[in-house]
Amino acid sequence: MMLRYTVVQGGLGLLAVRRACVVSRFAHSAPQSEYRPIKKVMVANRGEIAIRVFRACTELGIRTVAVYSEQDTGQMHRQKADEAYLIGKGLPPVAAYLHIPDIIKVAKDNNVDAIHPGYGFLSERADFAQACADAGVMFVGPTPETVRKMGDKVEARALAISAGVPVVPGTDSPISSLQEAHAFAQTYGFPIIFKAAYGGGGRGMRVVKEYEELEENYQRAYSEALTAFGNGALFVEKFIEKPRHIEVQILGDKYGNVIHLYERDCSIQRRHQKVVEIAPAFQLDPHLRDRLHTDAVNLAKQVGYENAGTVEFLVDKHVADVCICRWSRSLPELSLKQNKIRVNGCAIQCRVTTEDPARGFQPDTGRIEVFRSGEGMGIRLDSASAFQGAVISPHYDSLLVKVIASGKDLPTAASKMSRALAEFRVRGVKTNIPFLQNVFANHQFLHSTVDTQFIDENQELFNLKPTQNRAQKLLHYLGHVMVNGPTTPIPVKAKPSSIDPVIPPVTMGDPPVGFRDVLLRDGPEGFAKAVRAHQGLLLMDTTFRDAHQSLLATRVRTHDLKKISPFVSHNFSNLFSLENWGGATFDVAMRFLSECPWKRLQELRALIPNVPFQMLLRGANAVGYTNYPDNAVFKFCEVAKENGMDIFRVFDSLNYLPNMLLGMEAAGAAGGVVEAAISYTGDVSDPMRQKYSLEYYVKLADELVKAGTHILCIKDMAGLLKPESSKLLISALRDRFPDVPIHVHTHDTAGAGVAAMLACAEAGADVVDVAVDSMAGMTSQPSMGAMVACAKGTKLDTGIALEKVFDYSEYWEVARGLYAPFDCTATMKSGNADVYENEIPGGQYTNLHFQAHSMGLGNKFKEVKKAYAEANKLLGDLIKVTPSSKIVGDLAQFMVQNSLSRAEVEERADELSFPLSVVEFLQGYIGIPHGGFPEPLRSKVLKALPRIEGRPGASLPPMDFKALEEGLRAAHGDDITPEDVMSAAMYPKVFQEFKDFTANFGPVDCLSTRLFLDGPKIAEEFEVELERGKILHIKALALGDLNKAGQREVFFELNGQLRSVLVKDTVAMKEMKFHPKAQKSIKGQVGAPMPGKVLEVKVEVGSKVEKGQPLCVLSAMKMETVVNSPMAGTIKAVHVTADASLEGDDLILEIEE
């Protein structure tokens, strides 16, 4: 609607005059001289302006009529009117509001007395004003002739010149070709600006700074003007850089009276559209202000202007105390005289839009899930369609609501605006609110003048504080679980218990002094001496890590660990340490529990300040399953120590000394306690098993002690230590190293754990591992209660109160029920002494069991265990601990899945598609096993694949942490922490998925475990504590039917307000298409050897492949398999893409000879 006369004043700024239309009980109709009352008004517009006019009409007792396009059926403006009618049926969205015949027809058919054009669309079209006059319908605004003069920017320039107002150099008429623009630029030089001749609001505007940009910007400006205003005519002006954009409000009547209502500063703009307006203009020179006012009045008189200068001056109504919505008589009759108009304080208006400032103010579209406005004293809101459930389409202006703040001066008004913006909550679409908050916190904005380059020259405005949106994201997560089930894989069909554990009472005050106080006071060396000098047996509690890894697939959440932590701190201060981190917990936390492992460490450290924490460090593998550059291992240990880790139990899955030494050095450099762990396998008491003899272990211990370990550990990950072998091994080590503390870790799979640990203690071990009773036994550690009771009253007395163990156990007994879907007891009812034969580590025993079930091999688990022993022999009898145990397990499952015997694997090794972990092991990716690699298996599998000699990580270049951090910030924002960088360094893909998850679903770690796993039941009410003092009250209400997009609407009540979220039904969507199966009878069809996810497709249609060449990589339950070509030929078709989920035998690709 608004036409701008662009003029120069004193070289300091721009002067603009715009036309706005007012509503009155009487309006002037061009062809008639008499007045007639208005009983019904139509607004030929939409959104905020239509609603504002409707409100003014209602206050005046005038009936209102809305028009709307097919795309606007859900918009608020049609609901605010007394009547609403469709226009432009079948036309594009904008064209509907430009269709004059439809608008006039609706007006005539429904006895409309007057039409208000609003702004934009037809507001500056003289032909529309004339059409209204011809139809006998009043046009709320100037006469058609005045509209013609003001709508034609070229004539407007001539009028400005005749009024004595200096103007910027520009074309005398709309240009008709690119050559005219070029000629203008040659005369006046760059930069120039294209402007729409018949509209404003920033549309059809393009700045051109050099010749190469001319053609593209001409085309864009023409197209934009044509779409917005129905006329693509352009004119060209010299572009004035860095002006202040000042606008003056004027009022004129038909008698030639014109007054001004002072000015406003509209300099803060993006894409030539106003973002913030301030009235009166701040720090404007008084002489320049008077000149602007005078020129504005003169220009209005020159054109014979009637009505208000612009509808947007409602902001100025607060400043000048003049109502511009009900004017019907002459200005003097309304007592509107210039000498009576006074400035009253300051007002600021800003446009809240659905735009993303971080992406160049790109408009955002979607459904508004949450809308809460900022209100209060000194705040006014003019909204468009700002309500929960509103759909923001891409077709129209991105305005959501105009916010107007008023106060006695600029700082006061700005303060009110900042407060109001902070109160807004808009979810579902991006808004510019964070950007506006930065504007109102900017020193230049508050204390100096700004120009139209303010945004471009203050890039810090784009340092946007991310909105948390925690509540709505949690509703999305809960809705997702209600529709699709748990986000973490569930191995057995069991529901989490509905009973939450009761936390035993904790005494007030600080916890007692513990061994961590010794460590902090005396350092690692002093700590080791204190441990060795301690009278009695020390215990390490594995309940917080290895126990639940072994029994519950590592699925215990920080939520449940935190609850019991204060009790542990107050009642078990004499523990040697608490094993609570590292190993599998690191990636499982992100991968399956969707929580940050570093946050777990930080929160537990705050709750247990007195007991040392211990973690598993996989030597050169850190907490991963692969090799990392040396500096990554050092950096990881450094960050872990800074976050509260104390003891680093360093091991290597093959006892490969170079890998262990690197981990020890890294832990020591970080200031941690170095506990070198020798992984135990075989049986030192069996003279028939001499690969891993007593001599082997003592020699290895010699090397570790020489390397400076503070503590020596025996890591019996499968529970193979029998009482006799325990006595032999620990006695030999104690005799050899009388001053070094010895720590023994075991599992109770065979049921002999307590006896073995008591034998170790009697032989001289200082520390043994236990788990609380309800989390002990089977594949976990020996019972804490049993060890405490057996040692009580002897020289091994632990000093732990047995009744406190019972309380501790009771908590975990109930808490364990929450993890019923992961509990190994679902199918495994007892320990099994066959572990002495298959040597499966305790933690892996559970994982293997779950993997077998997920791959359809649950009824063949006995075969899997036998195959594990055979796979171990195939690979040369390995030390079996992560990741070497995973390699053996992958091969065992592969053998069972494909019904392969040990002999068949050896015979067909050159043609089988082995699991990727097996191939990489044989290449040397995790080190060199004791006794070397198995031959000829290695040569058959690898063929021409490269082999790694020596320590795998030694040849890796240093990791560039700065580049990594920069990449993460670019992808995820500036809230990336050093801990995030380390997570990405260890598990780049898992971390990316974790960040994606939290971006969608928020902080799910604050949900109770039952809600996290199973979601709420309909009508269930519950509370979620986001942080201290911030509690959400939620009620699940209903689950909607499936819509055409494959979504279901899930309804909640949040803090008493109705909320809903749309959730994709993944099962229903999957049923909409079917993946073909590979036919074994058809040569060249390659099927998935197992259910899984496609990680990578290595070929494309037309590729030439050889037999045994890798085709793609699949992953299932952390096991990756390379699918190799069964034949030589050419790829005929590829049926999968990366990230596709496949079932067994799903067709991957087709090969033709």
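Is D546 buried or exposed in this structure? In this predicted model, D546 has a relative accessible area of 3%; because the limit for a buried residue is under 20%, D546 counts as buried. The residue lies in helix α18, which spans residues 546-552.

D546 also carries an annotation. The unreviewed UniProt entry assigns the feature "binding site" to D546, K715, H745 and H747. These positions are spread over 202 residues of sequence, yet they cluster in space, with a largest C-alpha distance of 12.1 Å. The contacts of D546 show part of this arrangement: beyond its neighbours within four places in sequence, D546 is in contact with E579, H745, H747 and Q781.

H745 may be examined next. This residue belongs to strand β32, residues 742-745, and is buried, at 0% relative accessibility. Its side chain makes a polar contact of 3.1 Å with the side chain of D546. Leaving aside neighbours within four places in sequence, H745 is in contact with D546, R649, I714, K715, D716, D769 and Q781. The annotated residue K715 is therefore in contact with H745, given that contact means heavy atoms within 4.5 Å.

L552 is buried, with a relative accessible area of 0%. Not counting residues up to four places away in sequence, L552 touches M775, R816, Y819, F822 and D823. L552 is also 8.8 Å from N847, C-alpha to C-alpha, although 295 residues of sequence separate the two.

The nonpolar interior provides the wider setting. In soluble globular proteins, nonpolar side chains tend to be buried together. In this model, the largest nonpolar core has 184 residues, and those with the most contacts inside it are F544, F636, Y808, W812, F914 and M986. Helix α16, residues 470-484, gives the most to this core, with 8 residues. A second, separate core has 38 residues, including I368, I379, M417 and I455.

Not counting residues up to four places away in sequence, Y808 touches D541, T543, F544, I564, F567, V568, F572, V772 and M784.

Key:
Residues are numbered from 1 along each chain as its sequence is written. This is a predicted model: local features need pLDDT of at least 70, side-chain atom pairs count only at pLDDT 80 or more; totals for chains, interfaces and linings use all residues. Side-chain values use heavy atoms; hydrogens and water are left out. UniProt positions are given in the numbering used here, feature names are shortened, and annotations may be inferred rather than shown by experiment. Helices (H or I, at least four residues) and strands (E, at least two) are DSSP runs, numbered from the N terminus. Buried means under 20% relative accessible area, exposed over 50%, partly exposed in between (1.4 Å probe, protein chains only). A polar contact is a pair of N or O atoms within 3.5 Å; within protein, one must be able to donate a hydrogen and the other to accept it, and residues adjacent in sequence count only if both atoms are side-chain atoms. A nonpolar core is a set of buried Ala, Val, Leu, Ile, Met, Phe, Trp, Tyr and Cys residues joined through side-chain atoms within 4.5 Å.
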